[in-house]
Amino acid sequence: MFVERKLNGWGRYSSSWGRVYRPEKLALAASIIKFQEELSFVGRGQGRSYGDAALNLDQGLVLTQRLNRFLSFDPATGCLECEAGVTLEEILTVFVPRGWFLPVTPGTKFASIGGCVACDVHGKNHHKDGSLGNSIEAIEVLQGQGEVVRCSPVEQPEFFWATVGGMGLTGLIVAVKLRLRPIETAYIKVDYERAGNLEEAVGLMEEGAAGYDYSVAWMDCVAGGSSLGRSLLIRGNHAGRSELRPGLAASPLNAPSRSSINLPVDLPAFTLNPLSLRVFNGLYFGHSSRVKNSVVLDYDRFFYPLDTVRQWNRMYGSRGFLQYQCVIPAENSLAGLTAILKQLHRNRCTSFLGVLKRFGRGNGYLSFPLEGFTLSLDFPMRGDRLLTCLEQVDDLVIRHGGRVYLAKDARLSPRSFRQMYPDFPRWQQIKREVDPSDRFSSDLSRRLELTA
Amino acid sequence: MSRILILGATSPIARTLAWEFAGCGDELYLAGRDREEIQRLAADITIRFGTACQTHYLNALDFQSHPAFIESVLAQLEPLDGVVFAIGHTGDQPGESMDPALALRIVEINYTSAVSLLAPLANYFEEQGRGFLMGISSVAGDRGRRSNYAYGASKGALSLYLEGLRHRLDRHGVIVLTLKVGFVDTSMTYGKKGLFLVASPEKVARLAYAIRGKPGVHYFPRFWRFIMLMIRFIPERLFNRMDL
């Protein structure tokens, strides 16, 4: 049985009607895909991608929510195999108390592991540990005839790396085997440092790269002039038991659970406007002391600050918002990001919060990260003016050799996409081999003409 | 720490109920017809909760196999603290009640297998003098309706059988519960129009776990008790003309 529903991207700017199936077990998922021959499908976990990656207009979607079984765990190696619908939150709830953490985590724990593999998500530790794909031992992918194919970096590596970051287009990811990392405590020891501008932020992040497992900078995108790109650096390491105060050290692996609040209604659009942004940013960046070291935070507060307000995407009102994340190669990062920030100011397109991270080497095909600096921006959706502005930013990104993150994208053009992802023709070849009749497609794949 | 046997463990309600028990540290025995699926469920429970979870193949319709099955369970899991009967054919295809072969199958799976399995277990519990027997029934068993009367009848019979067991076992300290469930958000109801009060399986499981010590008939969600009361009141002459 299926439901015809209107689904959204997390940014609530993209939406479309699709036919949604929700199989209770793997065998049913296989028969759905096999027997609904006239439909194309895309998998949908928790729907946390911002744009149209998990939408499929008038076609089929397979909700993986009920495909959430843990399949096996080896306590000697930390290898966990689970169905693709398991959320990061479930993994953390079960395994943090046993001394294991996710090798890589994005900014929300309410995403499915299958979706995370399909987007090859990255976290604050890319410069050291790569993206999620680099910690995956194996994936099982359901193909158009209902057969399950197992792949890994050694077994069918081409298919593996085309699936990691492949946006669900090489088949429905149904199971994932990943290596968890051992931890002594559920806490992170954090250092805060203010950088007066972009150049200082980039410099500090480069210098400190070796010393920190996790590193991120929250950027004030409203400030201009000599303060362009002023940021708050937040960097940390897993805390050892001896680094906790006695109260916490008694049960080091039990982090306090935060109560979450729901934002059940949309806030009116004027809540976030350039004036209120300037005030917020001034307060946030102006009054804190320049450096603050060795603050101990539980992992939930450090990695998932936004998850406290569930449905935080409603803060942007019913028109939704656009998320834009790009990466610029290391040799051009400073110049490229400066140009982008200045362009945004010129167009008066204000971003609420910018997040800056350092990337190490990437994985190729459609995987987003490459060695350099990445910046994420949020824009309340205000109309065509914003879309035009982002096209200009695309051109800047391309000119500096970078690209845009598909998991967040809702409006990139096919032409720009091809310039950003030179590996695309090779990926397309693999896609044609494994899915010649396009059984797997999405609004994103049609918009970017990935399967034309 | 209790030892619980779940018959028909692969249904969504049974699965979430198993999580409730395991989450509180109980040891489980899962029985079902889909061998691969109950093994997957057992692996999931063992990893997720760190509790012991055994599995056994059980074909509800193979009545001859039931005595050996019960013997095997009791050998592994004695003393048994509770049994959940969650075996059920969903009965959601139109015209199923009208097809004699299909109707017979529904009745055998939903009711006859219950008698076959619960009769020996009731004897065991009576001798033990404690424990619970929980049967997952349905509001559909409260009145015969044209759309699903074979299914409704089988669930109605199940409820009546549990009522008899309750009457017998109450004085022996054994708790017998009938869970009359309305619409639950599973593949049986997914995509169906015109449903209301659809409960999530998690909610049903949580409530079922909470009331496991209270004998009697329990409706989920509770509102159904009043709805079925009203529906039962409608005289047949009027009801037969309705499209409920």
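Visitor: How many residues of chain A are in contact with chain B?

Guide: Contact is defined by C-beta atoms, placed from the backbone, that lie within 7 Å. By that criterion, twelve residues of chain A are in contact with 13 residues of chain B. This is a predicted model, in which local features need pLDDT of at least 70, side-chain atom pairs count only at pLDDT 80 or more, and totals for chains, interfaces and linings use all residues. Residues are numbered from 1 along each chain as its sequence is written, while chains are lettered from A and ligands numbered from 1 in the order in which they are written.

Visitor: Which element gives the largest share of the side of chain A that touches chain B?

Guide: Strands (E, at least two residues) and helices (H or I, at least four) are DSSP runs, numbered from the N terminus. On this side of chain A, strand S5 contributes four residues, the largest share.

Visitor: Which residues of H5(B) are buried?

Guide: In general, an α-helix has 3.6 residues a turn, so residues three or four places apart point the same way. A residue is buried if 20 or more other C-beta atoms, placed from the backbone, lie within 10 Å of its own. Among those of H5(B) that qualify are B:Tyr151, B:Leu158, B:Leu162, B:Leu165 and B:Leu169.

Visitor: Against what do the buried residues of H5(B) pack?

Guide: Their partners in chain B are helix H4 (100–128), strand S5 (132–138) and strand S6 (175–181).

Conventions
Two residues are in contact if their C-beta atoms, placed from the backbone, lie within 7 Å. A residue is buried if 20 or more other C-beta atoms lie within 10 Å of its own, exposed if 12 or fewer, and partly exposed in between; C-beta atoms are placed from the backbone.
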